[in-house]
Amino acid sequence: MPIEGDILVDLTVTEGVFSRVDIRNQRLLTATAPLVGRPASDVPALVTRLFSICRVAQGLASVAAVERAQGVAPAAAQLAARRFLLAGETVLEHAGRVCLDWTQLLGEPPALLVLKSLRATLADLPQSIFPKGDWVRPGGGALHLDAARLREGLIAVKAGLGLVVFGATPPLDAERWTAWLAAGETVASRLAHRWRADGLADYGATTLPALPAFEPDRLESRLAADHDGDFVVRPDWKDAHFFTGPLARQQHHPVVAAVVGAFGRGLLAQLAARVIELERLMREMQDFADGLCDDNPSQFMASSHAHGVAIVEAARGRLAHRVEIKDGRVTRYQILAPPE
């Protein structure tokens with residue numbers, strides 16, 4: 001059974017103003033306990049069964065951490081295939097929110113047919129690229145590519161996103177963003193227009209900065225010293241706090257930067273970041289698909305005692321896994337997840 005846990009937020013209102021906010025993290029620090037004692041080579045696959053949210057990102061972070069602990073350098077084709085899978089999961093996660101949540105916010109019926117079509121292509125990517133299901137095997141799995149099928153799938157995905165997100169003209173610059181808003185052809189553009197008209201474009205705007213790049217050695221040290229789990233539950237970075245996710249990744253895109261400049265990092269900026277990220281990911285997936293090729297997995301070289309940390313940008317934000325291995329078995333496993 002997937003183990004995710006809860007984050008509880010209690011708000012106290014005094015005379016119409018929030019006077020107190022309490023956040024209690026009940027996500028299970030013991031969720032990784034089943035991984036301890038297992039053969040390191042088996043752990044990434046087990047991670048994909050333990051964690052259902054961002055399953056691909058969790059699996060890829062796990063296999064990368066194990067590989068770094070054991071000194072394994074995957075072949076370039078393996079790394080390209082993993083980036084392709086991660087992009088596909090992120091596209092599906094964003095599209096799911098558009099088809100289900102954004103339609104609900106508009107009072108429209110969910111775009112179930114579009115979402116069904118997207119899932120038909122994107123949810124099966126790991127199996128279609130790694131037919132043996134070994135996409136999280138340390139060193140890499142057995143790649144077997146059907147380039148024509150991949151291209152057809154990406155065309156179908158682009159068409160589906162065109163219906164609910166992009167419309168006839170993707171909003172890639174300020175002029176096209178304005179035209180996209182005015183046209184109201186898609187769920188995304190209608191919601192963006194609604195928020196502007198209702199004065200909600202800046203709602204929830206944060207003054208926190210975007211999470212900067214981690215220095216792997218510094219993160220490794222923080223996690224290694226975190227024996228009570230306090231850092232994992234309530235993390236900070238260099239004694240400060242930040243936000244993570246699509247807006248952090250896309251903040252420098254001209255459209256997103258313009259929206260942030262006008263309305264701050266609120267609802268409209270979050271929407272713009274997801275729209276821009278979807279377009280970028282579709283281009284990247286096409287590039288990855290054109291560059292993928294069948295390739296033998298890397299050689300697996302076992303290590304007697306080591307540790308490794310891996311960082312992945314999941315759909316919801318920055319994700320880090322850290323593993324300690326001795327005599328081929330996991331002795332400690334930590335996950336720093338985007339919600340924290």
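**Close-up views of a predicted model**

**View A. D239 is exposed (over 50% relative accessible area; buried is under 20%, partly exposed in between; 1.4 Å probe, protein chains only), with a relative accessible area of 75%.** The loop that holds D239 runs between α10 (230–233) and α11 (246–250). Helices are DSSP runs of H or I with at least four residues, strands are E runs of at least two, and both are numbered from the N terminus. D239 is not a glycine, yet its phi is positive, near 65 degrees. The model is predicted: local features need pLDDT of at least 70, side-chain atom pairs count only at pLDDT 80 or more, and totals for chains, interfaces and linings use all residues. Residues are numbered from 1 along each chain as its sequence is written, and side-chain values use heavy atoms, without hydrogens or water.

**View B. E15 sits in the loop between β1 and β2.** Its phi is positive, about 50 degrees, although E15 is not a glycine. E15 counts as exposed because its relative accessibility is 80%. The two strands form a hairpin with two residues between them, and E15 lies in that turn.

**View C. β1 and β2 pair in the antiparallel sense.** Eight bridges join β1 and β2; pairing takes at least two DSSP bridges. V13 stands opposite F18 of β2. In a regular strand, side chains alternate between the two faces of the sheet.

**View D. I7, V9, L11, V13, F18, V21 and I23 make a nonpolar surface patch of about 680 Å².** The elements that contribute two or more residues are β1 (7–14) and β2 (17–25). β1 gives the most, with four residues. I7 belongs to strand β1. I7 is partly exposed because its relative accessible area is 37%. Patch residues have over 30% relative accessible area and no salt bridge; nonpolar side chains (Val, Leu, Ile, Met, Phe, Trp, Tyr) are joined within 5 Å, like charges within 9 Å. Areas are Shrake-Rupley values with a 1.4 Å probe, and for residues only the protein chains shown count as cover. A salt bridge puts a Lys or Arg side-chain nitrogen within 4 Å of an Asp or Glu carboxyl oxygen.

**View E. Helix α3 covers residues 76–106 and bends by about 30 degrees at V98.** The bend is the angle between axes fitted to the seven residues ending there and the seven starting there. The 31 residues of α3 should span 45 Å at 1.5 Å a residue, and the end C-alpha atoms are 44 Å apart, so the two agree. Expected span is 1.5 Å times one less than the number of residues. α3 is mostly covered, with 22 of its 31 residues buried. G107 follows α3 and has a positive phi, near 75 degrees.
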